[in-house]
Amino acid sequence: MAGAGSSASIVEYFGGEDGYRCGYCKNQSGNLSHGMWAHSMTVQDYQDLIDRGWRRSGKYVYKPIMNQTCCPQYTIRCQALHFQTSKSHKKVLKKMLKFISKGDVSKAANEEEPMDSHIEDAVSCDFVHRSESHVSEAELTPLNEDHADRVENEDEDKGESKEEVNEKKAELGSLQMCGDKDAAAPAEPSPSTQTVHAPPKPGKGADLSKPPCRKAKDIRRERKLQKLLQNQKCTLEGSSLQAEHQALLMQSSKSTTNQPKSIEDFIFVPLPDDALHKLEFTRFLCDSPLEAENPPNGPECGYGSFHQQYWLDGKIIAVGVIDILPYCVSSVYLYYDPDYSFLSLGVYSALREIAFTRQLHEKAPDLCFYYMGFYIHSCPKMRYKGQYRPSDLLCPETYVWTPIEQCLPLLELSKYSRFNQDAKAVDEDHIKELGRVRVLHKRTVMPYSVYKKRRKGPSDEASVQQYASLVGQTCSERMLLFRS
């Protein structure tokens with residue numbers, strides 16, 4: 001990524017052979033995942049990791065063992081630039097508008113979609129506590145650049161040098177965590193990923209080859225304008241004003257056709273002067289393993305982890321945590337005040353974040369996806385993320401993106417599925433040279449081939465091989481794998 005920061009990611013790999021409690025099906029030991037502790041991480045590395053099925057919970061980064069875990073969790077992203085608001089989404093946006101404008105509170109049963117990242121955080125909780133790193137900061141600080149370069153060159157490996165890692169901290173005021181959502185964004189996919197497309201099957205969803213359905217009132221309005229156009233043509237024939245009037249009428253006719261409203265049409269609608277409530281938003285950098293970056297070709301706020309605070313009449317009612325990455329906005333979780341659950345804050349905040357992704361795209365063209373975390377088809381109440389369309393799921397074997405419409409029939413047959421139907425396709429970033437994996441040992445950066453010769457004691461090659469295969473060749477050559 002152009003303008004990337006100078007720091008390198010430093011991770012400590014833990015493996016993941018032990019099962020732990022699943023927050024979805026309540027299996028006491030069925031949740032299986034690989035994990036590593038991120039002492040620091042660049043936004044580009046994290047982007048590449050989530051494009052391989054990883055996800056962070058604080059500084060703990062984990063990847064479900066998809067073909068073994070009780071509830072397979074598929075990375076899901078929404079194509080924010082082409083997002084289509086559903087009826088339920090419009091209902092939530094209109095409900096918020098009515099409340100702010102008139103103080104109306106819907107008496108209908110709360111239909112808020114569930115929010116699940118607090119469950120994901122909980123399911124990894126025990127494993128995190130057992131695995132949390134106790135490595136001192138001094139051990140994680142590489143020696144000077146020249147020394148590191150000399151060690152890397154011992155094996156004729158022209159790996160990158162490692163600079164010191166800076167830790168950024170920020171505090172968040174206390175707010176009850178009543179529910180979280182974790183959320184996740186394909187125009188052009190990330191350079192390391194591909195998208196598989198196939199024509200829709202008959203009877204499955206709308207026929208995109210046909211024009212959208214139109215409302216009767218819009219058809220009547222268009223006919224009226226066409227009639228007016230004919231009358232104007234007759235009365236103005238031979239006049240120099242004819243062309244101008246026809247152009248204006250045609251423009252008016254086009255503007256009144258049944259164009260679906262964008263998400264911005266609902267979110268940024270002007271409020272009346274006498275609105276009863278005032279909803280405001282603030283955004284701050286927050287503490288996370290991600291190193292904040294602000295390249296000239298990036299969004300104005302830069303890349304990194306942020307708190308998005310929702311203030312109602314001067315009172316904070318929700319805080320969303322998001323990661324702004326080179327190709328996406330990744331939703332992490334949401335805290336909200338339970339007194340305002342009637343506003344469906346989980347859904348509302350997700351829609352705001354999709355609109356925010358579209359806004360960031362204007363300054364950073366590569367940033368065009370909204371990542372919604374994991375889609376869990378085997379847990380019916382967790383399928384709501386599939387309602388944010390158009391969306392894609394990540395193939396757990398080849399790491400290519402596949403439209404969710406093509407994935408759902410496969411998931412109905414089996415909770416674990418390979419979405420890429422090309423039997424010959426493989427992980428394009430699979431590990432090819434284990435010796436090129438970068439290692440941080442005794443504050444010195446070196447390729448694994450050098451570390452292996454210096455290491456005393458039992459071989460750790462199997463663990464390093466597993467780590468490299470999970471993060472991919474690209475990340476394994478950029479990130480620093482800490483070895484004690």
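Let me start with Arg 443, which is found in the loop between strand S13 (438-441) and strand S14 (444-447), where strands are DSSP runs of E with at least two residues and helices are runs of H or I with at least four, numbered from the N terminus. Phi of Arg 443 is near 65 degrees, a positive value in a residue other than glycine. At 33% relative accessibility, Arg 443 counts as partly exposed, because buried means under 20% relative accessible area, exposed means over 50%, and partly exposed is in between, with a 1.4 Å probe and protein chains only.

Before I go on, a word on the basis: this is a predicted model, in which local features need pLDDT of at least 70 and side-chain atom pairs count only at pLDDT 80 or more, while totals for chains, interfaces and linings use all residues. Residues are numbered from 1 along each chain as its sequence is written, and side-chain values use heavy atoms, with hydrogens and water left out.

Tyr 399 also has a positive phi, of about 60 degrees, although it is not a glycine, and it is found in the loop between S11 and strand S12 (401-403). At 10% relative accessibility, Tyr 399 counts as buried.

Tyr 399 is also one of the residues that line the largest cavity, and the lining includes Arg 52, Lys 63, Phe 374 and Leu 394 as well. A cavity here is a set of points, on a 1 Å grid over the protein atoms alone, where a 1.4 Å probe fits but cannot get out, and lining residues have an atom within 4 Å of a point. The volume of the largest cavity is about 80 Å³, taken as the space filled by probe spheres set on the points, with grid points joined across faces, edges and corners.

Staying with the loops, Pro 390 lies between strand S10 (369-375) and strand S11 (391-394), and a cis peptide bond, with omega about -5 degrees, joins Arg 389 and Pro 390.

Finally, I turn to two helices: the axes of H2 (residues 87-102) and H10 (residues 345-363) come within 10 Å and cross at roughly 100 degrees. H2 and H10 are therefore roughly perpendicular to each other, a label given to angles of 65 to 115 degrees. On the H2 side the contact, meaning heavy atoms within 4.5 Å, is made by His 89, Val 92, Leu 93 and Met 96, and on the H10 side by Leu 345, Val 347, Tyr 348 and Leu 351.

How values were computed:
Axes fitted to C-alpha atoms, helices over the stretch in contact; angles between N-to-C directions. Parallel < 35°, antiparallel > 145°, perpendicular 65-115°, else oblique. 1 Å grid on protein atoms, 1.4 Å probe; cavity = no way out; pocket = protein on both sides within 12 Å on 5 of 7 lines; lining within 4 Å.
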